[in-house]
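Work through the exercises below with the model open. Try each task before reading its solution.

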Amino acid sequence: MTGADCVLGVDLGTSSVKAVLVDRDGRILSQGRAEYGFVSLHSLWAEQSSDVWLHAFTEAVRETLLRSGVSAQNVKGMAVSAIGGGTGIPVDVGMQPIRPCLLWLDRRAKIESERVRQMISEEDLYAITGNGADSYFGFTKILWIKNHEPEVWSRINYFLPPNADIIYRLTGEIAIDHSQACNIGGVYDLGKRAWSEEMADILDIPPYFFPERLVGSQEVVGRLHKAGARMLGLVEGMPVCAGGVDAAVATLRAGVVREGQHAAMLSSSTCWGFIHSSAGRLPGLVSMPYVIDSETLTYSYGGSATSGSVVQWFRDNFADNERLVESLTSGGKRRISAFDLLDEHASTIQPGSNGLMVLPYFMGERSPIWDVDARGTITGLTLNHTKSHLYRAMLESVAYALKNNIDYGSAAFRGLEDQLTVVGDVSKSDLWVEIITNVTGRPVRVLPNSGKAAYGAAVIAAYGIGMIDRQQMGDWLTVQPARVLTPDAAANVVYERSFENFKRLYEHMKSYFPTATET
């Protein structure tokens with residue numbers, strides 16, 4: 001057992017929990033991961049239970065500790081990054097879960113969103129909350145529960161966002177960080193950094209559903225109680241910091257600490273965002289207090305609902321041969337993944353995929369179009385197209401959706417730096433990063449796929465317990481080397497034309513989508 005002091009960062013994502021152990025110099029000692037899925041009882045529904053999260057959380061943390069060889073006594077603190085945009089877990093007066101969380105990915109609250117827009121103008125809603133009314137946000141899903149599950153509604157004591165739910169189960173303390181509170185939408189006043197009694201009254205949502213204790217992401221919410229410590233294999237009394245919404249935590253991990261910097265996190269979904277201290281609201285984007293300096297800094301981002309999940313869908317349904325090769329090499333010294341093989345073949349296809357175009361809207365879409373009815377679309381197929389053309393078109397479609405958000409955000413907030421930083425699973429694919437660079441026409445700084453939001457959570461934990469100060473935080477965020485790609489001018493010209501076609505295709509399909517969802 002090594003005696004180096006360290007901190008844990010844990011990220012509870014849509015499809016897995018990732019944990020990372022980091023020493024006081026910002027170096028990663030070990031990592032762990034536990035995967036899970038979500039329950040989808042109907043099209044566009046997505047739920048996960050508190051028990052699923054806790055089991056995976058425990059597994060990922062224990063795996064990380066086992067791999068590190070670090071003594072539990074040397075783990076000095078922990079913070080939790082987690083998915084946002086959902087209801088969280090509704091609990092009763094005994095703090096027992098009543099039903100699973102309706103995830104950010106769940107789009108069932110379409111009618112509730114439309115009713116909210118009838119209750120209050122979009123301008124007034126943004127003026128108070130900094131966010132709009134869409135089935136992405138937790139408050140519209142909360143209204144769905146009210147309208148469709150009265151027995152559940154009558155028993156609700158609190159709604160606990162994912163990180164708050166996990167922290168309660170490990171410490172017995174109840175608190176919500178500002179980023180998660182704001183990402184519920186509708187019932188949080190972004191300007192005042194407080195719950196909005198005015199909006200709760202308009203929406204007829206009891207304000208007591210949301211715990212009074214609001215905290216900064218770096219704040220120590222509580223300490224591991226005996227059962228929590230035993231569960232994780234850590235020491236009773238270890239401090240646990242609040243953490244925050246994974247998109248914002250991953251943006252911190254990307255080194256975004258001042259205005260003008262911006263970053264994209266591409267994993268199951270895409271979140272591209274930047275921080276600012278302006279008082280003005282940015283309609284069309286999602287906004288929340290940032291995970292550092294939450295009193296003064298706001299994080300605003302555009303998000304695509306499906307990116308890595310679209311690519312995974314392609315692999316699972318069309319890459320049997322590649323998956324077979326992966327399984328046959330899994331025990332060798334060099335494991336060849338199905339994605340590596342797909343990339344290798346797609347890299348031989350020219351930019352633009354020979355006119356093949358994909359809309360990656362497999363679960364509706366968030367910004368900038370905010371269209372719950374949008375659907376995945378493939379057009380331009382000919383007999384000359386191959387599986388590799390389609391795979392490359394999938395990668396390009398995600399890059400187009402990212403550029404759509406960057407262009408929208410750049411128009412709303414002037415002064416963004418030219419360089420884009422990307423983090424997440426995309427960094428594993430040289431081809432995908434190259435496509436993003438050429439589609440956006442920007443230099444792209446690529447961070448290694450190590451830690452992502454989990455590493456950002458470790459930074460928050462170290463800062464929250466006083467292991468590092470702001471200067472040392474900067475050192476941690478740059479300790480891992482990054483590479484920078486520059487766009488190819490010829491490829492960018494092709495992609496500029498294709499991007500215009502991408503936007504036109506959506507405009508042509510927009511009126512069709514609602515009729516398609518009715519069948």
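The exercises go from the whole chain to single residues.

This is a predicted model, in which local features need pLDDT of at least 70, side-chain atom pairs count only at pLDDT 80 or more, and totals for chains, interfaces and linings use all residues. Residues are numbered from 1 along each chain as its sequence is written, and side-chain values use heavy atoms, with hydrogens and water left out.

**Exercise 1. Overall build**

Task: Find how the radius of gyration of the chain agrees with that of a compact globule.

Solution: 
- Take the rule: 2.2 Å times the number of residues to the power 0.38, with the radius taken over C-alpha atoms.
- For 519 residues, a compact globule would have a radius near 24 Å; the chain has 22 Å, which agrees.
- Helices (H or I, at least four residues) and strands (E, at least two) are DSSP runs, numbered from the N terminus.

**Exercise 2. Burial and contacts**

Task: State what percentage of the residues is buried, and what share of the contacts links residues 24 or more positions apart.

Solution: 
- Set the classes: buried is under 20% relative accessible area, exposed over 50%, partly exposed in between (1.4 Å probe, protein chains only).
- Buried residues make up 61% of the 519 residues.
- A contact means heavy atoms within 4.5 Å. Of the contacts with a separation of 6 or more, 72% are between residues 24 or more positions apart.

**Exercise 3. Cysteines**

Task: How many disulfides does the structure hold?

Solution: 
- Apply the cut-off: a disulfide is a pair of cysteine sulfur atoms within 2.5 Å.
- The count is zero.
- Check Cys-6: its nearest cysteine sulfur, that of Cys-241, is 14 Å away. Cys-6 is buried because its relative accessibility is 0%.
- Check Cys-271: its sulfur is 14 Å from the closest cysteine sulfur, in Cys-182, so the distance is too far for a bond. Cys-271 is also buried, with a relative accessible area of 5%.

**Exercise 4. Backbone geometry in loops**

Task: Where does Pro-368 lie, and which residue does a cis peptide bond join to Pro-368? Then examine phi at Leu-44 and Met-95.

Solution: 
- Pro-368 is in the loop between strand 19 (357-359) and strand 20 (377-379). The cis bond joins Ser-367 to Pro-368, with omega about -5°.
- Leu-44 sits between strand 3 (28-35) and strand 4 (47-48), in the loop. Its phi is near 70°, positive in a residue other than glycine. Leu-44 counts as buried, at 12% relative accessibility.
- Met-95 belongs to the loop between strand 6 (89-91) and strand 7 (101-102). Phi of Met-95 is near 65°, again positive in a residue other than glycine. Met-95 counts as buried, at 11% relative accessibility.

**Exercise 5. Helix 6**

Task: Why is helix 6 described as largely enclosed?

Solution: 
- The helix covers residues 162-171; eight of its 10 residues are buried, so it is largely enclosed by the rest of the structure.
- Among the buried residues are Pro-162, Ile-166, Ile-167 and Leu-170.
- Look just past the helix: Gly-172 has a positive phi of about 80°.

**Exercise 6. A loop glutamate**

Task: Is Glu-295 buried or exposed?

Solution: 
- Locate Glu-295 in the loop between strand 17 (286-289) and strand 18 (298-304).
- Glu-295 is exposed, with a relative accessible area of 59%.
- Compare with Lys-192: Glu-295 and Lys-192 are 103 residues apart in sequence and 9.1 Å apart in space, C-alpha to C-alpha.
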